[in-house]
Amino acid sequence: MDPQRWQAIRSAFDTIVEMDDDSRANRLTLLSSSDPELRAAVELLLAADSDADARLAPLETVFFPESAPASDPLGLAGRTISHFQIMEAIGAGGMGVVYRAQDTRLGRAVALKFLLPSHHLDSGARARFLREAHLVAALDHPSLCTIHDVGTSDDGRFFLAMPLYPGETLKARMTRDGVMPISDAVEIARQVTEGLHCAHDAGIVHRDLKPGNVMLLPDGTVKILDFGLAKARDQSLSEPGARFGTVSYMSPEQIRGEALDGRADLWAVGVILFEMLTGRKPFGGGEDISIAHAILHDAPVPIPRLRDDLSAALEDLVLRLLQKDPCKRYATAEELRGDLTRIEPAIQGTVGSVRKRLRRAWNATNRQARSRRWVSVAIAGGVAAVAISAELILARRPGPPPSPDRVQLTLTGNANDASLSPDGARIAFEEKQCDNAGYCTYQVVTQDTDGQNRLVLSRNAANFFRTGWTADGRYLVFNASYGPDRWGAFVISTLGGAPRHLGGGEFDVLSGDTLLVAVGLLPPDSIGWVRRITAHDGQTLDSIPIHDPGATWNLGVSFLPFPDRLLIVVRKKWDSAPELRLIDFRGTVIDRVTPGFGSLGRRVAIRWVPSRQKLVLASQREVSRSEFDILSMDVTASRVGPDIDTIFSGLQMSGDGNFDISLDGERLLHSAGPIESTLWTIGARRTTEGRFTATRVLSSTAFLRALISPAGDRIVVAREVPMSGGHASDFSILPREGGAESRIPSGVANLLDFEWSPDGATIMYLHGIERNKVRLMESDTTGRRTREIARLDESAAIDIHPLRDGAVCIIPAERRSLSIIRRRGKGDVTWRAPDWIGSIWGVSPSPDTKSLAVLAIDPPGKLMVVATVDIESGRFTKLGTLGGEWPGWIRWLEDGSILFNVVETQGAWGLFTTRPGGPTQRLGALPVGEWFSVSKDGRHMAALSHNVKNDVYMIRNFGKMLRR
Amino acid sequence: MASIQSEVTGLLKRWSAGDERARDQLIPLVYERLRELAHLRLRGAGDNSLNTTGLVHEAYIRLVDAPRLDLPNRAHFLALASEVMRNLLVDRARARMAAKRGGGQTPLELNETLLVADDDLESVTDLDEALTRLGTVSPRQALLLQHRYFGGLSLEESATAVGTSLATAKRELRSARAWLALELSGERLH
């Protein structure tokens, strides 16, 4: 297939795919009369489109394993087995496949676990398995998974019916959290031990206890899964001596294939406890064989090397469980439970109920995991989880939000990244300084909140993104870049001097002149660090590791009023939900919560307000207040109004805007601004090599587009104002150098393009009128006389170029052809572009109106092409090509030369001149603007520029707005 | 690490300012890092699923001083990484297939070829060949698909990287996906 053919198919497809069925059929019928092959191709493509998700599913599964849809590995969905109606597969693991099912007798949802075919047993083993399964089913203990029923499917597959448990496995929890608090670990071990005690009493050994078989329920209950299954599994293995499952949790006697009793399960408790407390397994080694060797022969990794805050009693307990000789371990689960219970109160301290905290941890993660609620089950390979949607405590009160009491603190339109001094009297901010060529540097400025006593502290930063004050007000901290080798956090005295480099990372202020600098991602361990640094001498006091499996994308830090605690904000990706994490100075995670506000955007300000005991947070997407209960260390997120748009009320926040919240939480500082359009005229004297002068004509906070008249004496301006479902534009005309504007009445909805007619008497414009339709109009300069030239499909016209006598050249959306629409009765023509043109961007008629000059891109999209087209014959003639990033406009001047501009590789607009048969000459770079037009004598140009005028604003009633 | 990050960030900025030599300098850095990450992944606990999105974004996080890069720079990096990822995966898939067929010596360590699971080898090479075909008739659409499958770019990032509007990228991706669905089910447009 050649590119043109694909282009034709694609453009027909693009139009038709948006239509409803009837219109599709009509359009396809039309197509088949003109080009039956095209119709066939488009039809094929449409069919593939409607079915694309299913057809591409295998590919998606390979490339995006996590998004793979739950499969139905046993093909059981929809079938009824015994009195269970099977709904869908919700998980699979080493032991079997779990389906969600409805118990039709008791009318409840259950999980059915089918053993995998490899676990099929001979008749003797089947009987033993059934006997044991029934024994397990008879056990009744809160720490053991309940088994409702044991059965056999038609094809002889065993299944167990179990409740659908909400929650996650211990394995999932440890993968996510790493090291766990001592109290949580001990509590989980205690409940596991209680379950083991009950089963061991009945003579049943688990044989495969591991974190994947331990389920943590949202109410803090721990459930052991898969009791008794391992025996059946082991018996089903045909190869003598073959092992199945995870070596890491096997006891030495199990590895040696000896007879087992309950003490093998106690060994597993030891391994699990070790792992919960240290984040590592006691016996390392990469492969099963080396792990097994270590279990048989090596001592466990010394615990103090991994963690130094365990009591001697707890360390002894773990080591006793990991004795190679079963006789040296605890004799029974009962004995172990006694010791665990004695350890627990000593470490529980003032933290509050461990069970409650376990519950909360689950709730917090569940919010995060709502969209992938069955994933944890797939990891579990055990009992199914039911997603319980977490409730957000909404603190909304009736009544309209109070309007923000906003003051503007800077007036220059180039201020950003502001922060408030601790005493609230001064602000620090970044000021952008740009030269005429558009190159910008940044400087740090402080001033009083009333604008007085301005002080510039540090100039010439290449990049800048945050400021802050030390708690004693003597230093400013900021994130900036002074070049490739000097970026990150800097500190500077508020009196001036040279900035001191603190290292790459984001900062937060702790107390006095102490700072925290968060450094993400130091390989090879994906560990981030929070460093405590003193501002006056840059000395590092602590390096606190932030252990995270996988990457920590965005690490923020925040201060909380505990002697030994930090609140940090961790985001895995810049747009993923932030997690608030309470840590100690060793990096141990004490608590964590994912507040319900989802993604926050890039800039977040968080302030702990001691007097209110509230955590206040502001970001581009949310304003919220979180409540933090110090006694229980319980964070509950409450999203409160006003929404962020109310705070901004009419201002735009660009991608680099920011926030700061005053120490008392009452005031909010933010930088934002209106988008300002500026209209410039450029003296385009082509004789003056490379020199252009730009004059500002007018600026407006409405979005402007403007074009200079062919005679160069007037400018038509379109002002865009938002309206429901689109925008409306008003035209007005003003003298070239500015002055009185004459407005053309009657606004135009959804203006797409407009141009002066060659004689300057009328303005032609193209605007959207309804779905997929556009209208081409002509209006005189008073707006009294308008006429419709044509109605077209949206794809048929994107740019218009008026010719003489009311004719107009239009470029369709695909930009591969141009059409000439003439006055009625004269016949319209469409000329397709030749192979050497990829897309057409600019068109201008010659002075004799017999030809058009065309500015285009070549098919690979690498070179700019200048060409002419003969209007009568449609013959394209290439004048030349040149390098560049993007084409601009082209204008055939009255002296026969052709003027055009393109974006050059350095990003500026270069202006060029050429003529048929003549050389191409570069006239220079244009000083400003983007939307250009030029008079027909080439002497005058108009251009527009758009930028956000960021200033610093303070919302003085922010606290009040939050409290409403 | 700081120096690698700032080097990459600097190169990215030079590249988006139009310096093509910067791109040439970036490629080996990205390639090495992706290879290294893939190795770490393989040594990890039994997870040898092909997670291109994860690898590419991890490379980004590790190589780039990330929070300060704006969308165009991020998009350019991810687009480049998707290209490197494609080459890396396809090379390894081909080597592995050759090794499986006993086709002479393979220049790569066997371990490296495990980056693509045996069941997925053909998916990778089929996609690569389909993208190459699409690239001859519509390079930009081929890029959009490459960004998605080999880099996991968002549509916005992808649109930025190919230099088009979100709406255009969306439209082009739709027909490109339909085309790909046809190709992979063995049908061809003529």
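Over residues 43-48 of chain B the pLDDT stays under 50, and for this stretch the model, which is a predicted one, has four contacts beyond four places in sequence. Residues 103-113 of chain B likewise keep a pLDDT under 50, with 13 contacts beyond four places in sequence in the model. Chain A holds stretches of this kind too: over its residues 66-70 the pLDDT stays under 50, and the model has six contacts beyond four places in sequence for them. Over residues 521-525 of chain A the pLDDT is below 50 as well, and this stretch has 11 contacts in the model beyond near neighbours in sequence.

The model as a whole scores ipTM 0.84 and pTM 0.41.

| Chain | Residues | pLDDT | Contacts in the model |
|---|---|---|---|
| Chain B | 43-48 | under 50 | four contacts beyond four places in sequence |
| Chain B | 103-113 | under 50 | 13 contacts beyond four places in sequence |
| Chain A | 66-70 | under 50 | six contacts beyond four places in sequence |
| Chain A | 521-525 | below 50 | 11 contacts beyond near neighbours in sequence |

The secondary structure of chain B consists of nine helices and zero strands, so that reading along the sequence gives the pattern α-α-α-α-α-α-α-α-α. Of its 190 residues, 49% count as buried, and among the contacts in chain B between residues at least 6 apart in sequence, 64% join residues at least 24 apart.

Chain A, by its secondary structure, has 18 helices and 57 strands. Buried residues make up 44% of its 964 residues, and of the contacts in chain A with a separation of 6 or more, 50% are accounted for by residues 24 or more positions apart.

Two of the helices of chain A, α2 (residues 21-34) and α3 (residues 36-50), have axes that come within 6 Å and cross at roughly 145 degrees. On the α2(A) side the residues that meet α3(A) are A:L28, A:L31 and A:S32, and on the α3(A) side they are A:P36, A:L38, A:R39, A:V42 and A:E43. By class, this contact has five nonpolar, one polar and two charged residues.

Among the strands of chain A, four form an open sheet in the order β34-β33-β56-β55, with antiparallel pairing. Its edge strands, β34 (693-700) and β55 (933-934), each pair on one side only. Strand β33 (residues 675-683) of chain A is joined to β34(A) by seven bridges, and the two run antiparallel; here A:L679 stands opposite A:L698 in β34(A).

The largest nonpolar core has 144 residues, of which A:L112, A:V269, A:L273 and A:V477 touch the most other members. Helix α10 (residues 262-278) of chain A supplies the largest share of this core, 11 residues. Leaving aside neighbours within four places in sequence, A:L273 is in contact with A:A185, A:A189, A:V318 and A:L321. A second, separate core has 76 residues, among them A:V697, A:A706, A:I810 and A:V843.

Technical notes:
Residues are numbered from 1 along each chain as its sequence is written. Chains are lettered from A and ligands numbered from 1 in the order in which they are written. This is a predicted model: local features need pLDDT of at least 70, side-chain atom pairs count only at pLDDT 80 or more; totals for chains, interfaces and linings use all residues. Two strands pair if DSSP finds at least two bridges between them. A residue is buried if 20 or more other C-beta atoms lie within 10 Å of its own, exposed if 12 or fewer, and partly exposed in between; C-beta atoms are placed from the backbone. Two residues are in contact if their C-beta atoms, placed from the backbone, lie within 7 Å. Axes are lines fitted to C-alpha atoms, for helices over the stretch in contact, and angles run from 0 to 180 degrees between N-to-C directions. Ala, Val, Leu, Ile, Met, Phe, Trp, Tyr, Cys and Pro count as nonpolar, Asp, Glu, Lys and Arg as charged, and the others, Gly among them, as polar. pLDDT is the predictor's confidence in each residue, from 0 to 100. A nonpolar core is a set of buried Ala, Val, Leu, Ile, Met, Phe, Trp, Tyr and Cys residues joined through C-beta atoms within 7 Å.
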